[in-house]
Amino acid sequence: MPTARFLGHACITISDGKHNLIIDPFLTGNPHGAAKAEEIKCDYIILTHGHDDHFGDTPLIAKKNKAKVIASFELAMFCSKQGLDVHDMSVGGAHNFDFGRVKFTIAHHGSGHGHYAEVYTGSPTGVLVTIGGRTLYHSGDTALFYDMKLIGEMNKIDIAFLPIGDNYTMGIDDAARAVELLHPKKVVPIHYNTFPVINQNPQEFAKKVTSAEVVILKPGESVEY
Ligand code: NI
Ligand code: MN
């Protein structure tokens, strides 16, 4: 069984004991960052979009670990320009890696890098990661969208990481509805309480979800799936 560890905000690591991945490694400057960027050991970094609270410590972690960055084309080229090793993809595309499979899904959000989002980094994405025969869905930052039903029909999702913070992404009601569309076995709320504007009570989310096991992780905690 693979293990996913929540490191605060939208950052998670995934491991099957052999391969180590990190998604959206925003640790430096993350008030709830549960690890230091310098401590991260990984083979791959997957990015959902270019916003600073997702791109985070990508250059440092990629260089220190000689890790490959998997991202949509424009964001991958932005990384490549900084000397990072990249595998560029695009939304809707899947690829088989040595650890398993990655497919980028749509997300309704923005994507620009820098304080003023001044660098164009392509379309925002969500991502399906299949490793050890289990499928994890990290929706990225997104609004609720009805095509989540299709994602749920075409993939047996073992665990979903969904934002509940509202303001920039789905809030609790929309995320609870997303669970009904996606039909994951387990769901972990993320992207809340990092900053005052996205303060939410995850127990409220848990109360509204009836079709999946809600796993509330404190930053630093892990779940097997
Ligand atoms: Ni964002
Ligand atoms: Mn975000």
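Predicted model: local features only at pLDDT ≥ 70, side-chain atom pairs only at ≥ 80, totals over all residues.
1. Residues are numbered from 1 along each chain as its sequence is written, chains are lettered from A and ligands numbered from 1 in the order in which they are written, and side-chain values use heavy atoms, with hydrogens and water left out.

2. Which residues hold the manganese ion (ligand 2)? Its protein donors are D53 (OD), H54 (NE2), D141 (OD) and H191 (NE2), at 2.1 to 2.2 Å from the ion. Donors are N, O and S atoms within 2.8 Å of the metal (3.2 Å for Na, K and Ca); water is not among the atoms, so sites may look incomplete. D141 also coordinates the nickel ion (ligand 1), and the two ions are 3.2 Å apart. H54 sits in helix α1 (residues 52–55) and D141 in the loop between β12 (134–138) and α4, so the pair links parts of the chain 87 residues apart. Helices (H or I, at least four residues) and strands (E, at least two) are DSSP runs, numbered from the N terminus. H54 is buried too, because its relative accessible area is 0%.

3. Now the sheet. Seven strands form an open sheet with mixed pairing, in the order β6-β5-β4-β3-β2-β1-β16. Two strands pair if DSSP finds at least two bridges between them. Strands β6 (86–89) and β16 (222–224) stand at the edges with a single partner strand each, so one side of each has no neighbour in the sheet. Strand β1 (residues 3–6) pairs with β16 in the antiparallel sense over three bridges, and A4 stands opposite V223 in β16.

4. How many aromatic pairs are there? The count comes to four. Rings of Phe, Tyr and Trp (its six-membered ring) pair if their centres lie within 6.5 Å; planes under 30 degrees apart count as stacked, over 60 as edge-to-face and the rest as tilted. One of these pairs is Y44 with F99, edge-to-face at 4.8 Å centre to centre and 65° between the planes. Y44 counts as buried because its relative accessibility is 10%, and F99 is buried with a relative accessible area of 5%. F97 and F99 are stacked, with 5.3 Å between centres and 5° between planes.

5. Is D158 buried or exposed? D158 counts as buried because its relative accessibility is 3%. D158 lies in the loop between α4 (148–154) and β13 (159–163). Its side chain joins that of K185 in a polar contact of 3.2 Å. A polar contact is a pair of N or O atoms within 3.5 Å; within protein, one must be able to donate a hydrogen and the other to accept it, and residues adjacent in sequence count only if both atoms are side-chain atoms.

Terms used: Buried < 20%, exposed > 50% of the residue type's maximum accessible area, 1.4 Å probe, protein only.
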